Amino acid sequence: MSNVLVIRDFKTLKVWQKANALEQEIEALVKAFPSHEQYRLTDQIIRSSRSISANIAEGNTQLFIKRELFHANAALGSCGETRNHLLTAYQNNYISEEQYKILDEKFLEVIKMLYGYIKMLKSNLDNESVTIDT
């Protein structure tokens with residue numbers, strides 16, 4: 001039996017691509033936030049939005065599906081946290097209702113994609129094996 005190592009590239013995942021694009025949108029959005037929020041809401045929303053794609057990348061690079069599931073679940077949590085920060089930004093009039101609704105819908109799309117990704121990973125749990133192919 002030969003072991004084949006498959007080096008996966010997280011950048012090929014559609015869910016990572018969507019999360020990364022949203023991270024860039026958040027980076028642009030917070031530039032208009034008041035300066036007194038720099039080390040509060042601005043920092044928090046940047047960190048949580050970055051955490052989504054970072055967890056997807058870290059999980060996808062793991063050798064074991066259970067570890068990948070752990071990181072996909074963490075990405076889900078970061079989506080929820082970012083949505084909460086967006087709501088706070090809207091409630092404090094840092095963003096418009098339209099900006100809030102558009103971004104919230106995009107984060108909901110990433111959440112749905114993560115649910116599908118997690119479902120796929122769970123279905124692969126029984127077939128878990130390390131393969132090496134370079």
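**Figure 1. Helix α4 and its buried residues.** At 1.5 Å a residue, the 28 residues of α4 should span 40 Å, and the end C-alpha atoms of this helix are 41 Å apart, which agrees. The model shown here and in the following views is a predicted one. Along α4, the residues Y100, L103, D104, F107, V110, I111, L114, Y117, I118 and L121 are buried. These buried residues of α4 pack against α1, α2 and α3. One of them, L114, touches V15, I56, A72, A75, L76 and C79, residues up to four places away in sequence not being counted.

**Figure 2. The largest nonpolar core.** In soluble globular proteins, nonpolar side chains tend to be buried together. The largest nonpolar core of this model has 34 residues. Within this core, the residues with the most contacts are I26, F33, I52, I56, L86, V110 and L114. Helices α1, α2, α3 and α4 are the elements that give two or more residues to the core. The largest share, nine residues, comes from α4.

**Figure 3. I52 and its surroundings.** I52 is found in helix α2 and belongs to the residues with the most contacts inside the largest nonpolar core. Its relative accessibility is 1%, and I52 therefore counts as buried, the cut-off for buried being under 20%. With neighbours within four places in sequence left aside, I52 is in contact with A19, A75, S78, C79, T82, F107 and V110. Of these contacts, F107 and V110 are also among the buried residues of α4. The C-alpha atoms of I52 and A74 lie 7.6 Å apart in space, although 22 residues separate I52 and A74 in sequence.

Figure 4. The 27 residues of α3 should span 39 Å at 1.5 Å a residue, and the end C-alpha atoms of α3 are 39 Å apart, which agrees. E68 lies in this helix, α3, and is buried, with a relative accessible area of 2%. The side chains of E68 and R8 are joined by a polar contact of 3.1 Å. Apart from neighbours within four places in sequence, E68 is in contact with R8, G59, N60, Q62, Y117 and L121. Two of these contacts, Y117 and L121, are buried residues of α4.

Figure 5. A pair of aromatic rings is described by the distance of the centres and the angle of the planes. The model contains three aromatic pairs. F10 is partly exposed, with a relative accessible area of 23%, whereas W16 counts as buried at 14% relative accessibility.

**Figure 6. The aromatic pair of F33 and Y94.** F33 and Y94 form a tilted aromatic pair, with 5.5 Å from centre to centre and 45° between the planes. The pair links distant parts of the chain, 61 residues apart: F33 lies in the loop between α1 (14-29) and α2 (38-60), and Y94 lies in the loop between α3 (65-91) and α4 (97-124). F33 counts as buried, at 7% relative accessibility. E37 is also placed in the loop between α1 and α2 and is buried, with a relative accessible area of 9%. Leaving aside neighbours within four places in sequence, E37 is in contact with T42, D43 and Y94.

Figure 7. K11 lies over the face of F10, at 5.6 Å from the ring centre.

**Figure 8. The backbone at N93.** Most residues other than glycine have a negative phi. N93 has a positive phi of about 60° although it is not a glycine. This residue comes just after α3, in the loop between α3 and α4. At 67% relative accessibility, N93 counts as exposed.

Methods
Residues are numbered from 1 along each chain as its sequence is written. This is a predicted model: local features need pLDDT of at least 70, side-chain atom pairs count only at pLDDT 80 or more; totals for chains, interfaces and linings use all residues. Side-chain values use heavy atoms; hydrogens and water are left out. Rings of Phe, Tyr and Trp (its six-membered ring) pair if their centres lie within 6.5 Å; planes under 30 degrees apart count as stacked, over 60 as edge-to-face and the rest as tilted. Buried means under 20% relative accessible area, exposed over 50%, partly exposed in between (1.4 Å probe, protein chains only). Helices (H or I, at least four residues) and strands (E, at least two) are DSSP runs, numbered from the N terminus. A charge sits over a ring if NZ of Lys or CZ of Arg is within 6 Å of the ring centre and within 35 degrees of the ring normal. Contact means heavy atoms within 4.5 Å. The expected span of a helix is 1.5 Å times one less than its number of residues. A nonpolar core is a set of buried Ala, Val, Leu, Ile, Met, Phe, Trp, Tyr and Cys residues joined through side-chain atoms within 4.5 Å. A polar contact is a pair of N or O atoms within 3.5 Å; within protein, one must be able to donate a hydrogen and the other to accept it, and residues adjacent in sequence count only if both atoms are side-chain atoms.
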